[in-house]
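The sequence and structure come first, and the description follows.

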Amino acid sequence: GTAWTQRATAPLPAPSARGSHDMVYDAARHRTVLFGGNVAGDIGSAETWEWDGTGSGAWTLRTIPGPVARGDHKMVYDS
């Protein structure tokens, strides 16, 4: 595409405001995945959120084992 479109999301649950996080699109599962970042200033987060971009537009908090809290990291999707 050549333009961004702001999508409305359902009310909570949703990720809190944050910076220094990363997001990647998982094409196999059709999900946008957000991990980590800094919340409330400089407090690191280890949360993993997913958004399917359809239907209710709700985010889902995933409780899975993963990396420790971090920010300024990178993510990639490898098909």
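## Strand pairing and local features

Strand E2 (residues 22-26) and strand E3 run antiparallel and are joined by five bridges. Strands, labelled E, are DSSP runs of at least two residues, and helices, labelled H or I, are DSSP runs of at least four, numbered from the N terminus. Two strands count as paired if DSSP finds at least two bridges between them. The model is predicted: local features need pLDDT of at least 70, side-chain atom pairs count only at pLDDT 80 or more, and totals for chains, interfaces and linings use all residues. Residues are numbered from 1 along each chain as its sequence is written, and side-chain values use heavy atoms, with hydrogens and water left out.

Four of the five residues of E3 (residues 31-35) are buried, so the strand is largely enclosed by the rest of the structure. Buried means under 20% relative accessible area, exposed means over 50%, and partly exposed lies in between (1.4 Å probe, protein chains only).

An open sheet of three strands has the order E1-E4-E5, with antiparallel pairing. Strand E1 (18-19) and strand E5 (43-44) are at its edges and have a single partner strand each, so one side of each is left without a neighbour in the sheet. Two bridges pair strand E4 (residues 38-39) with E5 in the antiparallel sense. Ile-43 in E5 is the bridge partner of Val-39.

Rings of Phe, Tyr and Trp (its six-membered ring) pair if their centres lie within 6.5 Å; planes under 30 degrees apart count as stacked, over 60 as edge-to-face and the rest as tilted. By this rule there is one aromatic pair. The ring centres of Trp-51 and Trp-59 are 6.0 Å apart and the planes are at 25°, so the pair is stacked.

His-30 has a positive phi of about 55° although it is not a glycine. It lies in the loop between E2 and E3, a hairpin with four residues between the strands. Asp-72, in the segment after strand E7 (59-62), has a positive phi of about 60° and is not a glycine either.

| Residue | Relative accessibility | Class |
|---|---|---|
| Trp-51 | 15% | buried |
| Trp-59 | 12% | buried |
| His-30 | 49% | partly exposed |
| Asp-72 | 64% | exposed |
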